[in-house]
Amino acid sequence: MRADGKNLTGHAGVVLLRKVADRVGLATVLSAALPKGTGPGWRDRGMALVQLACAIVLGATNILEAEQLQHHWKSLFPRPVSDSTLRRTLEAIDGPVAARIERVRAVVRRMVWTLLALRPGGFPWIAVCGRELTGWYVLDLDATIVTCSSKKEGAAGTFKGSFGHMPLGAWVANTRECVAMLLRPGNAPPNDVDDHKSVLASAFRQLPLPLWSKLLIRIDGAAFSHDVLGHLQSLTTSRRRVRWVTGWAINDADEKAIARLPEKVWTAALRQDGQLHEIKGPDGEWLSYQVAELTGVRDLTGWPEGMRLIVRRVKPSRRDAKKLTAFEKRTGWRYQIVATNIPSHQGLSGVPGSGQVWFVDALYRDHAEVEDRVKAIKRVGLGLLPSKSWQFNAAWVLAATLAADLDAWTRLLLLHDEPELAAAEPETIRRKLYHLPARLTSHARRRTLHLDRTWPWAAAFTAAWKRATELPART
């Protein structure tokens, strides 16, 4: 073994991330939003933040790892940003600076969504029960726990018995972008009204929605409160139609209403592919999920006008036996309720059958995909808050969302014809694409990056690079 190689690159996939960032003008707008330093040799903070975002996508969990990772691609970008420069960049992101960064992110996102609409197949619309929700932008909200082992600002005991923080985020289901993330103390209530309003407001400022837009918001049981549902209902304006579907905490009044439902109103629930939703019971038999309308039976006085309740039942498994209420033990069913303002007669505009109970139930269960988005961003920077300072950790969360954006844009714009890579987990796409080794050569003022010709995803890499060079540059 000899350590005499030259111009070697250990993480060649960084060129895709940097090329996308350059084409959409991410570093330029960040430089305008961040405060500028003075003195000789001062590094551009916008480019420093882009370098940090690239390092986070490739697996960095703190500032020191971000500096060290840059030496893996030093042959491509010869001036690594030191850990002290990265730290000063994050320390400069206070409230007003974060607000400016939020505004310029929205500008870049508008350009990205324009490019998505121009690509083959157009803008990605989600599908539920085999029906495409064309024209509907879907926003998912969810909270997660970021544990820590030391006393950091805001760290506290969580409702699940752990210790750390509980950020609340919003994701666009169409593009899998994380458009808002609010750092919260670990003891923050799951259904805090002000936090949900703040995250929704931040998410709305990020969405480049057209006039007369149609937006669907999905939240789990954390939305079960008069104030949260009332706020969701108030989001509809003359130029924006907002529908929502949320979880519902069952109480005695709900169980009494369920008991009055006749057996004939129950209908089979469907999976996302439109097939019957069945599970195998403890004795090997197939058990079907069933749904019914509860709106006309349950008194909804004081709740938002036009709200509906959809109840779902299934035979409980042995794992659920200890969680059953007395009513569920007596009936032999386990129940869940979904609240929505989707009208039964109209449904979602342009989606046939979307007002039916089986569709609303499947639409809410599709919200479970946000758990995958949460797991992904916790592997892209959010899994560890690296400082004891609240301000620094809030800036790190912002950097993690920028990294998640950059990763999502690279997949959407360059890998849309490679579904295996476009939907891959962070570790998978790092192993297949981002961490690909390469060698850089120069000849006649032209630099060439040489990949292993036998690498299974070499063709996908070169096709993605060609697509990246064809992206129009932001002016």
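About 1500 Å² is buried between domain 1 and domain 2, with carbon and sulfur atoms giving 61% of that area. Buried area here is the accessible area, taken with a 1.4 Å probe, that two parts lose on being put together, summed over both. The size of an interface is often given in just this way, as the accessible area lost when the parts come together. The model is a predicted one, so local features need pLDDT of at least 70 and side-chain atom pairs count only at pLDDT 80 or more, while totals for chains, interfaces and linings use all residues. Residues are numbered from 1 along each chain as its sequence is written, and side-chain values use heavy atoms, with hydrogens and water left out.

As for the two parts themselves, the domain assignment gives domain 1 as 8-100 + 387-470 and domain 2 as 124-379; such bounds come from an automatic or database domain assignment. Their C-alpha centres sit 34 Å apart. Domain 1 puts 19 residues into the contact and domain 2 puts in 16 residues, contact meaning heavy atoms within 4.5 Å. On the domain 1 side, the residues that lose the most area to domain 2 are Lys388, Trp390 and Val397, which together make up 36% of what that side buries.

One salt bridge is counted between domain 1 and domain 2, a salt bridge being a side-chain nitrogen of Lys or Arg within 4 Å of a carboxyl oxygen of Asp or Glu. Arg379 and Glu427 pair up in a salt bridge through their side chains, at 2.8 Å from N to O. On the face that domain 1 turns to domain 2, the elements giving two or more residues are helix H13 (390-414) and helix H15 (426-434). Helices (H or I, at least four residues) and strands (E, at least two) are DSSP runs, numbered from the N terminus. H13 gives the most to that side, with ten residues. By residue class, the domain 1 side splits into ten nonpolar, four polar and five charged.

The salt-bridge rule gives a count of 17 salt bridges. One of them joins the side chains of Arg2 and Asp4, at 3.8 Å from N to O, and Arg2 is exposed, at 70% relative accessible area. Buried means under 20% relative accessible area, exposed over 50% and partly exposed in between (1.4 Å probe, protein chains only). Another salt bridge pairs Glu102 with Arg205, whose closest N and O atoms are 2.8 Å apart. Glu102 belongs to helix H6 (residues 95-118) and Arg205 to helix H7 (residues 193-206), so this pair ties together parts 103 residues apart in sequence. Glu102 is buried at 18%, whereas Arg205 is partly exposed at 48%.

Arg298 and Asp254 also meet in a salt bridge, at 2.6 Å from N to O. Arg298 sits in the loop between strand S15 (290-293) and strand S16 (308-314) and Asp254 in helix H9 (residues 252-259), so parts 44 residues apart in sequence are tied together. Both partners are buried, Arg298 with a relative accessible area of 12% and Asp254 with 0%. Salt bridges with shared partners also link Arg105, Arg109, Glu177 and Asp405 into one network.

His367 is in the loop between helix H11 (357-365) and helix H12 (370-382) and counts as buried, at 5% relative accessibility. Its side chain makes a polar contact of 3.0 Å with that of Asp140. Setting aside neighbours within four places in sequence, His367 touches Asp140, Leu141, Arg218, Ile219 and Asp220.

Most residues other than glycine have a negative phi. Trp212, not a glycine, has a positive phi of about 60°; Trp212 lies in the loop between H7 and strand S10 (213-219) and is exposed at 60%.

Technical notes. Nonpolar A, V, L, I, M, F, W, Y, C, P; charged D, E, K, R; others polar. Polar contact = N/O pair within 3.5 Å; in protein donor to acceptor, adjacent residues only side chain to side chain.
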